[in-house]
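This briefing goes through one protein chain by topic. Please have a look at the model before reading the points below.

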Amino acid sequence: MMLKHRDFILGLALFGSENPQHINKSVFKVIVMKLSKIATVTAIIFAANSVMFAHAAGGGAVHADHGHGNSHQHFHPQGKPPSKHTLALHESLKKSLPFEDARDFEESKKGFIAKPEFTKIMADAGHVAWDIGSYQFLLEGKDFTSIHPSLQRQAVLNMAYGLYEVVPDRIYQIRGFDLANMTLIKGDTGWIIFDPLTAKETAAAALAFANEKLGKRPVVAVIFSHTHVDHFGGVRGVVDEQDVVSGKVPVIAPEGFMREAIAENVFAGNAMARRVQYQYGVLLARNPFGHVDQAIGKNIANGNTGLIAPNKFISKDFEEVTIDGVTMVFQNTPDTEAPVEMNTYFPQFKAFWAAENITGTIHNIYTLRGAQVRDALNWSKHINKALYKFGDDVEVMFASHSWPRWGKERVQEVMRAQRDMYANMNNQVLHYANQGVTINEIHNVYQAPPSLQRQWAARSYHGSEGHNTRGIINRYLGYWDGNPTTLVPLSPRDSAPLYVEMMGGAAKIIAKAKQLNEQGKYLEATEILNKLVYAEPQNQEARNLLADAFEQLGYQKESTGVRNSFLQAAYELRSGLPQGLAPRPTGPDVIRALPTALWLDFLGISMDSRRADGMNFTINLITPDNNEKFLLEMSNATLTNIADYQAKNPTLTITVDRADLNGVMMGITSFEALEEQGKAKFDGDRSAYEQLKSLMVVFTPNFEMMPGTVNAAPTPASANRNNSAPRYDAKPFEYVIYTTEED
Ligand SMILES: [Zn+2]
């Protein structure tokens, strides 16, 4: 389907006019599709229902339009097939990779009971929350030359769909209903559920299907293995909050769960939301030229995401709990795949639940959406602990993603492969760093040991060795390579024109880049084209050539996040970024769980310091219903806050219940409205409040990533070139969180 920049702008203008009957129907449909895909992943899984969101979020359904029946055609008019260089690379990989080892396929099919008639799961709001059918092309038994052969293998393995038995009459999994698996443990009277998926709708559908096939049983306990949303967001689909509050149904999580479930996405949340569009390739159609897999599953479900606070926390290294006749030995594994996470051993069944610590891929040490670099060595050590504590007895290992492994030897083999891969990356990267290899070189120097390269369980579909090894140097040494030239580098926009001038101008660069692309030297082509695109953002020929190079690099990558990032950037260079997404108010579950102090810190991030020069005030904030007090101080164009202190002579005192403040944070009410209702009290000089309000900027996940991208908002670094002002918000204190799969 053809779609050019003009069409985007035209379509969006009409879309905004609420007069869609005048739009060419197909253009309108595509616009909605583009918006929907962004909405799907970035615009707040915690979204409340809204007409816009419901309308725009038909993700799966529109993928079907784009993907089905059309799977061998590129989804973009300027898209290219794989080049002869890409084809040759894939052919050589087919010979060197251990395809003769097909045990993963047997294991992923073992215990299959049934799959549902349906392939789509609808959200309560009326749109498609999940559509496994949009990836049907992967089951045609074809080799797709636009997909790295190892990634295609993984993408097929992740097509498991339905109900599976892990331990006869005791442990079951629902796979392919969401990014993660839902696991059901049969107790004496009911189900113990491990990790209730991302959305209420997919979780409810999974539980209903299990009950239909295995006999209806009540949910007697829920376990959150860790703090990522694909492991707790669907909890309202399997349990009633009253039963948790009353203590009737235990909800168990590792110590620190509530803090970490919120904290990871707060301060840099908007930047992460924009970057996750790259990691998850949200503008890509689901077809062999676009989105094919997400390493630990197909994609993220798009439905109602919630959070119920656990009523029991696991704090010891190992802790035994028996519920409904099922004994569980929890193993805390903090600072591994998530800030807090826990494995579980079931001694009665000789079964080991590896949470997300051991799955069918090497994971992200550094995650491309952006997050603090994880501790690969610590991760390896926790796998080792599990191996030595449970490995002699274990008969099956299963996890929150991927498929189980049966038999002690096989389980130990996989545990060792991943233990060694994480440790090897950490140790060998530091081995090189200690001899002077820098963050700018390590990905070209490090190679996994040949014995690990030949094990599927040690391959990197989620992380990649390239970005993980750079992350490890970043964790220990930071971003600087030690060369003063890179200590205070020119901004790319400032260095690029100098390069272009010295290289002899655009025509020469374009001629050379064409030659490099034809030779399959895609990285070299990106090196010079990137300079030209920064120097001349409106040079569409340069942008198209850079997109061509990115596209081939994407086809060549084994890691989903890396593939998607190259392909998404190619899309944006060719067509620009669709606009029109408003930030969504955060859902009530998360707002309730957000500590006031964290929100106040976020106000310090949201205010534009440049406009606060000369402002001096103090505000005492009192929230009587939860007995909290804060002192906010504006000085030196900086907002700070401290809990449990009050200014003796504050400029202003605001008294409001935290329960009412939640509405302000969600953007569904304002301080002014609360004051009118008698729910907020202002004592003193309210100009302090007015000044603070005037500084607040709303963040939206549509800023420019590639220079000059059509429709993308300029960044402050590029804004002085086109005088774009920051967007001050009508609801200045709204707290916007973009939930991301933390993976
Ligand atoms: Zn996960």
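Among contacts in the chain between residues at least 6 apart in sequence, those joining residues at least 24 apart make up 75%; two residues are in contact if their C-beta atoms, placed from the backbone, lie within 7 Å. This is a predicted model, where local features need pLDDT of at least 70 and side-chain atom pairs count only at pLDDT 80 or more, while totals for chains, interfaces and linings use all residues. Residues are numbered from 1 along each chain as its sequence is written.

**The chain as a whole**

- Of the 743 residues in the chain, 51% are buried. A residue is buried if 20 or more other C-beta atoms lie within 10 Å of its own, exposed if 12 or fewer, and partly exposed in between, with C-beta atoms placed from the backbone.
- The chain has 28 helices and 21 strands. Helices (H or I, at least four residues) and strands (E, at least two) are DSSP runs, numbered from the N terminus.

**The open sheet**

- An open sheet is formed by 8 strands in the order β1-β4-β5-β6-β7-β8-β9-β10, with mixed pairing. Two strands pair if DSSP finds at least two bridges between them.
- At the edges are β1 (112-114) and β10 (312-314), each of which pairs on one side only.
- From one strand to the next, the twist averages 25 degrees.
- Strand β9 (residues 251-254) runs parallel to β10 and is joined to it by 3 bridges. P254 has I314 in β10 as its bridge partner.
- Helix α8 (residues 200-214) packs on the sheet and touches β1, β4 (162-167), β5 (171-175) and β6 (182-186). The direction of α8 makes about 130 degrees with that of β5. Axes are lines fitted to C-alpha atoms, for helices over the stretch in contact, and angles run from 0 to 180 degrees between N-to-C directions.

**Strand β17 and its partners**

- Strand β17 (residues 617-623) pairs with strand β18 (residues 628-635) in the antiparallel sense, over 7 bridges. N620 stands opposite L631 in β18.
- The hairpin of β17 and β18 has 4 residues between the strands, and N627 in this hairpin takes a positive phi near 60 degrees.
- β17 also pairs with strand β20 (residues 652-656), in the parallel sense and over 4 bridges. The bridge partner of N620 in β20 is T653.

**Helix α21 and its neighbours**

- Helix α19 (residues 506-518) packs with helix α21 (residues 540-556) at an angle of about 20 degrees, and their axes are 11 Å apart. The two are therefore roughly parallel to each other. Angles under 35 degrees count as roughly parallel, over 145 as roughly antiparallel, 65 to 115 as roughly perpendicular and the rest as oblique.
- A506, I510, A513, K514 and N517 in α19 meet E541, A542, L545, D548 and A549 in α21. By class, this contact of α19 with α21 has 6 nonpolar, 1 polar and 3 charged residues. Ala, Val, Leu, Ile, Met, Phe, Trp, Tyr, Cys and Pro count as nonpolar, Asp, Glu, Lys and Arg as charged, and the others, Gly among them, as polar.
- The axes of α21 and helix α22 (residues 560-575) cross at roughly 160 degrees and come within 8 Å. That makes α21 roughly antiparallel to α22.
- The contact of α21 with α22 includes F550 of α21 and F566 of α22. The residues of this contact divide into 9 nonpolar, 2 polar and 4 charged.
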